[in-house]
Amino acid sequence: MEGQASSVWTIEEGEVRKPGIVHVVMLALFTGIGIVVGTFGSLAVPIGFVSAFWPGQAVQSIGSIWYGWWGGIAAGLFPLISNSLSGSAPLPVSIAYLPANILQGMVAGWAFRRWKADPSLKDGRDWGIWILWGSLVPNAIGAAWGSTMLVAFGLITQAAQLTTFLGWFIGNTIPTIVLGSLVLKYVSPLVVRSKAFCKGYWA
Amino acid sequence: MSIAIRIKDLEWKYENTTEFALRGVNLEIEEGSFLGIVGANEHGKTSLVMAINGLIPQSYNGIYRGDVQVFGKSVRETDAVELASQVGLVFADPEAQFTAMTVEEELVFGLENLGLGLAEIRERLEWAAEVTMISELLDKSPYDVSGGQKQRVAIACVLAMNPPIIIMDEPTSMIDPLGKGLIFDILRKLKEAGDHTLIVIEHNVERLVPLADQMLLMWQGNIAKLAPTRQFFEDPSFLIERGVLTPEVSEFAEWLRLEGYLEEGTPLPLNLEDGVEITRQVLEARRARA
Amino acid sequence: MIATATTGVNAAPARVPKARKTLLGHVPIESPLYQFHPVTRLIMFIFFGVIPLFIYLPEVNFLLLWVNMGIMRWGRVNINELRKYMPVIFTVAFFMFIVVVLAPGEDPSYTPLDVGPITIYYQPVFFAFAAYWRLIAMLFGTILYFSTNRERDMLVAMRSLRLPFIASYVVGLSIRSAGMFLEDFRTIREAEQARGLDTKAMRLRDQVKLYMMYLVPLFSIALRRADEISNALFARGYTLTGRVGGGGKRADYIRAQYKLRTRDWVLIVSMGLIFVATAIVQMRFGVFSIEYSPLNIYLKQLLGIPG
């Protein structure tokens, strides 16, 4: 199990990996995918600025698993645009979400590299790491930070924060698990063979 | 004539594949010549031209042996900016090469990378747009124009950078007959101007043949045949066995020869004008005999 | 001889399109707003997006919303296009009010009001009302921007603000790739429909499953595209470091076509002054605080709520 999983992340002897144009392009393409998924997720199930049932989180976690920090940057960048397009959050609020968006994106990428989990979710251990570190923890971070920002901006009352947190956390975790699992399972085998795949954080 | 491109013992295998895409290719291309490349799919044509413009090995992972030199300098040791100023590559799928929001931005992107000033950028932009007949498209998205226009935009991008070597990889594979004609018109103008070394991969040999000085057949990752154009088509069965169609006019003349209407040793026609001339001679000979 | 034919039917006058499709929606083909430099329009976007943060009075935010709408009308934006934002606008309201009804918080100063079988509290409900109009005012600032600016305008504005070329390039390519992603999605769907798939007849669960399955080919196409675009960038001489030939500075041809004029400076300075004045009067004197809302004062009087 460990041997198979580690082969995805292990850098072979003599293998040179360095950031290239393809990573910048992938950053842009992933941001574009995030814009579409984030915008239409919000428009299709418009629960407003708390972004409940927001499938964008799945894109954020997947991005950092496949492309390390490039995915992390995309995770921070695309909600700025998708929130504006869907009307689910104004610019200052979106900017305030930025640190949490990067963090909630990067957690999954860090955990998969830290514990050498296979992005193709080949066994129970991979699934466990994905559900905990790719779905539950990032959404808890996002919901906590996001609801705090809404209070800070005076858009909800302190008393409403817990309700908002729970709605946000539960509503985002479900699409993250459903969408993310499917994409990881079926697309990862292609991605790990592509030149943009990052075994490390930048290449 | 000096040598523009020198390829020595080139071998290349892409990452995650089992077979070598290029297997010991040796080739020299003279400056100012027009080389046509033909061959069945997956036999190394595109890999060969990507090795000339440095995409292989600079943008791909894999095993690389041998050397490719452009104007005496190895492409492995030349950076993207310098390579782009020497070798322009037009890809088969025009959409795959667009990087900007409008045709105008698409054209100036490469020129900005070359470090040119605003006045020169404007001059080259206008010239390339005029040569490729896309001046009225500058404000449009490169995605919102027709297939033929897209490919002309792609060619304009390369022309504007004015590299001494221009490579086109199946530039007409995705466009209609009228669009194909316009692309070959541009190629004809470029050949007549004589300022560039031109390399064109094309399945449509009918149109390529009148322009090419030399033809090259890629087969199983190596050069199966390299010869001046007329000589290249002298043994049609050799080409047909390797998945290359000869010009229809040549096939017709070959049939005339097999049927005994045409003398052995008569050079096969490669274009319509030559074909008409040969047919006229055959008919006159028959009339004289009658 | 070439035969010609006439139908005898007069051709309808050609319709002149009023809007241009962008990757993010539609913008008018001609608009008085275009006389302003893209950077001015970007600053206007920031101005309208941020200024409601200092304003708690629903009346003023409502006014700001109308100012935004007025600019859109003047800028020849098709107001009908705004209908697509209605679901979000209504559900935001629904969500905000449901939260304060269900979780009003505990505060002895809150005034309970019986509305049928449920008890609501005036203060959190009015707070939600005020917060809602702040949010909508900010959102309309965003809508104004995306309804009057093309992708090119955004890039020019970013480059004018001296953002590194690679940053503006990534933003541009992201927006474009969003369009390509949608186009690919449409192609896959059309291919399925051509093979007889009727999604309308499917159960919701199966539809969701189907949409999920679209993602696999969509991601695969994106992977291939990343290779193609990076090859195209290399072939055009683009390097990761952004180094240009000759080692000099990159000439920005597109940006050079735009010039900041007097009217731009007047507008930028005016917006700056209004912004600073609003921030100061709110932070020092609380002029835009919720307790000064005429509506709040009127309702309190009506309901007999003290203070």
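Glu112(B) and Arg250(C) form a salt bridge in this predicted model, their closest N and O atoms lying 3.2 Å apart; the term denotes a side-chain nitrogen of Lys or Arg within 4 Å of a carboxyl oxygen of Asp or Glu. Six salt bridges are counted between chain B and chain C. The side of chain B that touches chain C draws at least two residues from each of helix H2 (55-58), helix H3 (80-86), helix H4 (103-113), helix H5 (118-131) and helix H6 (147-161) of chain B, helices being DSSP runs of H or I with at least four residues, numbered from the N terminus. H4(B) gives the largest share of that side, eight residues.

The extent of the interface is given below.

| Chain B and chain C | Value |
|---|---|
| Residues in contact (heavy atoms within 4.5 Å) | 39 of chain B, 33 of chain C |
| Buried area (accessible area lost, 1.4 Å probe, summed over both) | about 3300 Å² |
| Carbon and sulfur part of the buried area | 57% |

Chain C contains ten helices and four strands, strands being DSSP E runs of at least two residues. Its radius of gyration, taken over C-alpha atoms, is 26 Å, well over the 19 Å that the globule rule (2.2 Å times the number of residues to the power 0.38) gives for 307 residues, so chain C is more spread out than a compact globule.

Residues are numbered from 1 along each chain as its sequence is written, and chains are lettered from A and ligands numbered from 1 in the order in which they are written. In this predicted model local features need pLDDT of at least 70, side-chain atom pairs count only at pLDDT 80 or more, and totals for chains, interfaces and linings use all residues, while side-chain values use heavy atoms, with hydrogens and water left out.

Notes. Buried area is the accessible area (1.4 Å probe) that two parts lose on being put together, summed over both.
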